[in-house]
Amino acid sequence: MGAREALGEERIEAAQSAGRALSLEEAIDEAQRVPAVQAEVDTQETRTRTSGGLTEREMEVLRLVAAGKRNQEIASELVLSTRTVAHHVEKIFNKLGVGSRTAAAAIALKRGLS
């Protein structure tokens, strides 16, 4: 996905206008920050690919599911209610596109999450 598609025409135009308003020194400073910003974006993209869009808590739950723990055991370990764990498991299934703990665990193993 390109920048225009991701940000939209209005935001691109606003960014271009802001860039044109910078002095030469400000523009140089901004350009020197690009590698650090790109590294941060790359890190986030890697994290998202690895996690499958799961939150940190969902990843914790998935690791425990992959370890063969039942909802009650997960709840006890993470100090959550069993109902909350069941909700997390359901969201994990939906995000990963699976319908069973075994399939979710297989994805976790494949992605190195367990």
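Predicted model: local features only at pLDDT ≥ 70, side-chain atom pairs only at ≥ 80, totals over all residues.
Two residues are taken to be in contact when heavy atoms of the pair lie within 4.5 Å. Leaving aside neighbours within four places in sequence, L96 touches L62, A104, I107 and R111. L96 is also among the residues with the most contacts inside the largest nonpolar core, together with V61, L62 and I74. In soluble globular proteins, nonpolar side chains tend to be buried together.

The overall layout is helical. The protein has seven helices and zero strands, and reading along the sequence gives the pattern α-α-α-α-α-α-α. Of its 114 residues, 22% count as buried. Among contacts with a separation of 6 or more, 49% join residues 24 or more positions apart.

Helix α4 brings several residues into the interior: E58, M59, V61, L62, L64 and V65 are its buried residues. Just after α4, G68 adopts a positive phi of about 90°.

Two packed helices are described by the angle between their axes and the distance between the axes. For α4 and α6, the angle is about 95° and the axes are 10 Å apart, so α4 is roughly perpendicular to α6. On the α4 side, the contact is made by R57, E58, V61, L62 and V65, and on the α6 side by V85, H88, V89, K91, I92, K95 and L96. By class, the residues of this contact divide into seven nonpolar, one polar and four charged.

H88 lies in helix α6 and, beyond its neighbours within four places in sequence, is in contact with R57, E58, V61 and L80. H88 counts as buried because its relative accessible area is 15%, and the cut-off for buried is under 20%.

Helix α6 also packs against α5. Here the angle is about 110° and the axes are 8 Å apart, which means that α5 is roughly perpendicular to α6. The crossing of α5 past α6 is right-handed. In this contact, N71, Q72, I74 and A75 of α5 meet T82, V85, A86 and V89 of α6. The class make-up of the contact of α5 with α6 is five nonpolar, three polar and no charged residues.

A86 belongs to helix α6 and is partly exposed, with a relative accessible area of 33%.

The loop between α5 and α6 holds V79. Most residues other than glycine have a negative phi. V79 is not a glycine, yet has a positive phi of about 55°.

Definitions and conventions. Residues numbered from 1 in each chain as written. Heavy atoms only, no water. Core = buried A, V, L, I, M, F, W, Y, C linked by side-chain atoms within 4.5 Å. Buried < 20%, exposed > 50% of the residue type's maximum accessible area, 1.4 Å probe, protein only. Helix = DSSP H or I, 4+ residues; strand = E, 2+ residues; numbered from the N terminus. Axes fitted to C-alpha atoms, helices over the stretch in contact; angles between N-to-C directions. Parallel < 35°, antiparallel > 145°, perpendicular 65-115°, else oblique. Left-handed = near helix turned anticlockwise from the far one by under 90°. Nonpolar A, V, L, I, M, F, W, Y, C, P; charged D, E, K, R; others polar.
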